[in-house]
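Thanks for coming, everyone. I'll keep this short, so please look at the screen.

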Amino acid sequence: MQLTREDLIKLISLNRDVVVDEPFNNFTHSKMIFYAIHRKDNKKIFALIYHKDEKLYVDLKSNPAVASELIEAEPYILPGKHFDKIHWLTVDVEEIESEKELLSLVETSFKLTK
């Protein structure tokens, strides 16, 4: 899918009460910019958006059993890059096949951070 970071933030935030911020950005250590999307009710992060090597990624929380199956089955779903690799996965936004699939992963992440 061809989405900009702004489009991805809008898509993930749609119909959800969220806050978007940049809590991990420390330019002395990394030139990557991270956009964290938090649930407004409990402030838990359920999505982390960033560019790496000119590609757009989003880290999402997942059920460990499902995450390992998805990682094995889909080349655009990778082990979590910035949180633990058991409960998080990383999605290559440019390679995922459908918006519906992406939104399903986002919804799971949102529910798991209740």
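Start with Glu95. Glu95 is partly exposed, with a relative accessible area of 45%. Keep in mind that this is a predicted model. Which residue forms a salt bridge with Glu95? Lys55 does, and the closest N and O atoms are 3.9 Å apart. The cut-off is 4 Å, so the pair counts. This pair links distant parts of the chain. Lys55 sits in strand 4, while Glu95 sits in the loop between strand 6 and helix 3, residues 99–112. They are 40 residues apart.

Stay with Lys55. Its side chain also meets that of Asp92 in a salt bridge, at 2.6 Å from N to O. Here too, distant parts of the chain are linked. Asp92 belongs to strand 6, residues 88–92, and Lys55 to strand 4, residues 55–61. The separation is 37 residues.

Now, buried or exposed: what about Asp92? Asp92 is buried, at 6% relative accessible area. Lys55 is partly exposed, at 24%. The cut-off for buried is under 20%, so Lys55 does not count as buried.

Next pair. Arg39 and Asp41 meet through their side chains in a salt bridge, 3.0 Å from N to O. Arg39 counts as buried, with 7% relative accessibility. Asp41 is exposed, at 57%.

There is also a network. Salt bridges link Arg16, Glu107 and Lys111. How many salt bridges does the count come to? Six. In general, side chains of opposite charge can pair when their charged atoms come close.

Six strands form an open sheet in the order 1-2-3-4-6-5, with antiparallel pairing. Which strands stand at the edges? Strand 1, residues 18–21, and strand 5, residues 77–79. Each has a single partner strand, so one side of each has no neighbour in the sheet. From one strand to the next, the twist averages 25 degrees.

Back to strands 4 and 6. Strand 4 and strand 6 pair in the antiparallel sense, over five bridges. Val58 stands opposite Val91 in strand 6.

Last, the helices. Helix 1, residues 5–13, lies across strand 1, strand 2 (35–39), strand 3 (45–52) and strand 4. Helix 1 runs at about 165 degrees to strand 3. Helix 2, residues 64–73, lies across strand 5 and strand 6. Its angle to strand 5 is about 120 degrees.

That's my tour. Thank you.

How values were computed: Residues are numbered from 1 along each chain as its sequence is written. This is a predicted model: local features need pLDDT of at least 70, side-chain atom pairs count only at pLDDT 80 or more; totals for chains, interfaces and linings use all residues. Side-chain values use heavy atoms; hydrogens and water are left out. Buried means under 20% relative accessible area, exposed over 50%, partly exposed in between (1.4 Å probe, protein chains only). Helices (H or I, at least four residues) and strands (E, at least two) are DSSP runs, numbered from the N terminus. Two strands pair if DSSP finds at least two bridges between them. Axes are lines fitted to C-alpha atoms, for helices over the stretch in contact, and angles run from 0 to 180 degrees between N-to-C directions. Contact means heavy atoms within 4.5 Å.
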